[in-house]
Amino acid sequence: MTDNRKEGLEDRLKRLGAELSEKRKEDPKYAADEARAAENRKGYQVAVKLSSEFVAAIIVGALLGYLLDRFAGTGPCGMIILLLLGFCAGVLNVLRSAGMVAAPHPADQPGKGGNNKSDGA
């Protein structure tokens, strides 16, 4: 008896799922909600990526500083310096991934225009 009941529940569940998918295709609000949800998921993915890059750079800097202090016997100086360098590298990675840091403008490069004294002017 439990097998028949279980099969009946599975059939009803499949039928209900098919009816819901048909109704969702007809509803324009559902498509807009799905597009918004997809955009939110993309934003969460970017946030997780950026935060993991930032945290990883700090952890690597701290670990390298600890190992330097451990083997060289320099005290906390190596860890402090490399932790700060890891923090700076993490910030730079986040800015680069977010597109906030771009290539320098051609006018700012020596020999490519601008008011540089090295271009022979």
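This is a predicted model: local features need pLDDT of at least 70, side-chain atom pairs count only at pLDDT 80 or more; totals for chains, interfaces and linings use all residues.
1. Which helix gives the largest share of the patch? That is H2, which supplies 6 residues. The members are Val60, Leu63, Leu64, Tyr66, Leu67, Phe71 and Met79, and together they make a nonpolar surface of about 710 Å².

2. Leu67 sits in helix H2 and is partly exposed, with a relative accessible area of 35%. Leu64 also has its place in helix H2, and its relative accessibility of 48% makes it partly exposed as well.

3. Now step back to the overall fold. How many helices and strands does the protein chain have? There are 3 helices and 0 strands. Read from the N terminus on, the order of elements is α-α-α. The chain has 121 residues, of which 7% count as buried.

4. Next, the aromatic rings. A search of the whole structure turns up 1 aromatic pair. Its partners are Phe54 and Phe87, whose ring centres are 5.5 Å apart and whose planes meet at 70°, so the pair is edge-to-face. The cut-off behind that name is an angle over 60 degrees. If you are new to this, a pair of aromatic rings is described by the distance of the centres and the angle of the planes.

5. Where do the two rings of the pair lie? Phe54 belongs to helix H2 (residues 28-72) and Phe87 to helix H3 (residues 77-98), so the pair ties together parts that are 33 residues apart in sequence. Are these two residues buried, partly exposed or exposed? Phe54 is partly exposed, at a relative accessible area of 24%. Phe87 is partly exposed too, at 42%.

6. In sequence, Val55 and Phe87 are 32 residues apart, while their C-alpha atoms are 8.4 Å apart in space. Val55 is placed in helix H2 and counts as partly exposed, with 43% relative accessibility.

7. Two further C-alpha distances are worth checking by hand. Leu64 and Gly86 are 22 residues apart along the chain, and their C-alpha atoms are separated by 9.4 Å. Ile81 and Ala62 are 19 residues apart along the chain, with 8.8 Å between their C-alpha atoms. Ile81 has its place in helix H3. Its relative accessible area is 51%, so Ile81 is exposed, given that the label requires over 50%.

8. Last, have a look at the charges. Which residues gather in a patch of negative charge? They are Glu19, Glu22, Glu26 and Asp27, and the patch is on the surface. One of them, Glu22, is found in helix H1, which covers residues 2-26.

Definitions and conventions:
Residues are numbered from 1 along each chain as its sequence is written. Side-chain values use heavy atoms; hydrogens and water are left out. Patches are made of residues with over 30% relative accessible area and no salt bridge: like charges are joined within 9 Å, nonpolar side chains (Val, Leu, Ile, Met, Phe, Trp, Tyr) within 5 Å. Accessible areas come from the Shrake-Rupley method with a 1.4 Å probe; for residues, only the protein chains shown count as cover. A salt bridge is a side-chain nitrogen of Lys or Arg within 4 Å of a carboxyl oxygen of Asp or Glu. Lys and Arg count as positive and Asp and Glu as negative; His and the chain ends are not counted. The place of a charge is taken as NZ of Lys, CZ of Arg, CG of Asp or CD of Glu. Helices (H or I, at least four residues) and strands (E, at least two) are DSSP runs, numbered from the N terminus. Rings of Phe, Tyr and Trp (its six-membered ring) pair if their centres lie within 6.5 Å; planes under 30 degrees apart count as stacked, over 60 as edge-to-face and the rest as tilted. Buried means under 20% relative accessible area, exposed over 50%, partly exposed in between (1.4 Å probe, protein chains only).
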